[in-house]
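Biologist: Could you take a close look at one part for me, the nonpolar patch on the surface, and then walk me from there into the rest?

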Amino acid sequence: MRQLDFMGKRRYAFIISGILLLISILTLLFQQLNLGLDFTGGTLVEVRYASAPTLDTIRQLLEDAGFRDVSVQTFGTANEILVRLQQAFDPGVGNQVTDILRQSGDSVNLVRAEFVGAQVGGQLRDQSGLGMLVALGVVMLYVAFRFQYKFALGALLALIHDVIIVLGVFSLFQIEFDLTVLAAILAVIGYSLNDTIIVYDRIRENIRKSRVDDMAVIFNDSINQTLARTLATSGTTLLVLLALLVLGGDMIHNFALALIIGVGIGTYSSIYVASALLLAIKLQREDLIPAKKEGVEEEELP
């Protein structure tokens with residue numbers, strides 16, 4: 001099978017990654033994320049239908065009545081509907097929503113209407129950010145212990161690259177960012193790290209047994225040897241995620257979308273970014289195979 005020269009194209013990969021990172025950082029700074037009700041606070045209304053309704057119809061009825069930033073999803077069963085509104089709480093909002101939904105001729109009963117405080121949302125936002133930082137820190141410690149500190153630095157930078165780009169896409173297109181999306185980003189960290197560890201393990205193995213001193217050649221061989229496994233894993237994962245995106249409904253739509261973006265970026269970064277960064281930080285054979293100390297005689301052969 002023909003060997004692909006991944007490391008020979010690493011400068012182009014760095015340019016592409018740099019552009020994506022710049023766009024993501026700028027849009028996060030100036031446009032920011034479209035935080036959902038979990039983080040911002042707002043009004044939550046739960047209603048019960050006699051028969052399972054169509055979520056798109058509910059959303060359209062509410063938007064036609066003047067509600068904005070409406071999130072509609074099933075809750076428990078297909079008959080239980082949860083409506084999230086990013087607005088201040090009004091004691092009559094539950095009856096108002098129920099009256100609007102009854103205009104379609106369906107039998108609708110109000111279950112509850114309550115306010116989700118912004119203070120709780122702020123705590124969730126802060127704790128979520130802290131949790132992501134802790135996850136990245138633990139990853140760096142694991143890779144440093146399992147491999148070597150230069151591998152840990154490369155893996156950490158690659159993971160930060162993946163997370164920033166996923167966040168940038170959600171910010172650029174103002175897709176609602178809620179707790180399910182945050183869970184997807186944490187899953188992306190694990191998935192991307194798994195791919196990176198597979199490549200790193202082969203790189204370490206080939207460095208130790210190869211007599212070639214050109215690190216770029218060793219890296220290319222390692223990536224090509226793991227490429228079939230990487231593409232097969234990513235491809236099958238994407239098929240499942242596409243099914244969830246199309247058939248999973250409104251509740252997990254953004255979760256599946258974040259994972260699709262993350263898996264794609266993570267596969268790219270494990271091939272190009274994570275490995276190419278090891279060349280940029282000057283990984284050498286001596287980093288994995290310590291030089292023999294002077295004055296220490298080799299053991300005599302039998």
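This is a predicted model: local features need pLDDT of at least 70, side-chain atom pairs count only at pLDDT 80 or more; totals for chains, interfaces and linings use all residues.

Modeller: Helix H1, residues 10–30, is the top contributor to the nonpolar patch, giving four residues. The patch as a whole is made of Tyr12, Ile15, Ile19, Ile23, Leu172 and Phe173, which together put about 650 Å² of accessible area on the surface. Phe173 sits in the loop between helix H6 (149–172) and strand E6 (176–177). Its relative accessibility is 58%, so Phe173 counts as exposed.

Now stay on H1, where you'll also find Ser24. Setting aside neighbours within four places in sequence, Ser24 is in contact with Ile164, Ile165 and Gly168.

From there, let's go inside. The largest nonpolar core has 61 residues, and Val143, Phe151 and Phe219 touch the most other members. Helix H5 (118–146), H6, helix H7 (179–209), helix H8 (215–247) and helix H9 (253–280) are the elements giving two or more residues to this core. H9 supplies the largest share, with 16 residues. If you want to zoom in on Val143, its contacts beyond four places in sequence are Gln148, Phe151, Ala152, Ala155, Leu193 and Ile197. Another core lies apart from this one; it has 17 residues, including Val72, Ile81, Val83 and Val93.

Then there are the charges. Side chains of opposite charge can pair when their charged atoms come close. The structure holds nine salt bridges. One of them joins Arg48 and Glu80, with the closest N and O atoms 2.5 Å apart. Arg48 is in strand E2 (residues 42–49) and Glu80 in strand E4 (residues 77–85), so this pair ties together parts 32 residues apart in sequence. Arg48 is partly exposed at 39% relative accessible area, whereas Glu80, at 12%, counts as buried.

Asp56 and Arg59 also form a salt bridge, their closest N and O atoms being 2.8 Å apart. These two are three residues apart in helix H3 (residues 55–64), so about one helical turn separates them. Here Asp56 is exposed at 53%, while Arg59 counts as buried at 16%.

Back on H7, Glu205 pairs with Arg202 at 3.8 Å between the closest N and O atoms, and these residues are likewise three apart, about one turn of the helix. Both count as partly exposed, Glu205 at 36% and Arg202 at 28%.

Note on methods
Residues are numbered from 1 along each chain as its sequence is written. Side-chain values use heavy atoms; hydrogens and water are left out. Patches are made of residues with over 30% relative accessible area and no salt bridge: like charges are joined within 9 Å, nonpolar side chains (Val, Leu, Ile, Met, Phe, Trp, Tyr) within 5 Å. Accessible areas come from the Shrake-Rupley method with a 1.4 Å probe; for residues, only the protein chains shown count as cover. A salt bridge is a side-chain nitrogen of Lys or Arg within 4 Å of a carboxyl oxygen of Asp or Glu. Buried means under 20% relative accessible area, exposed over 50%, partly exposed in between (1.4 Å probe, protein chains only). A nonpolar core is a set of buried Ala, Val, Leu, Ile, Met, Phe, Trp, Tyr and Cys residues joined through side-chain atoms within 4.5 Å. Contact means heavy atoms within 4.5 Å.
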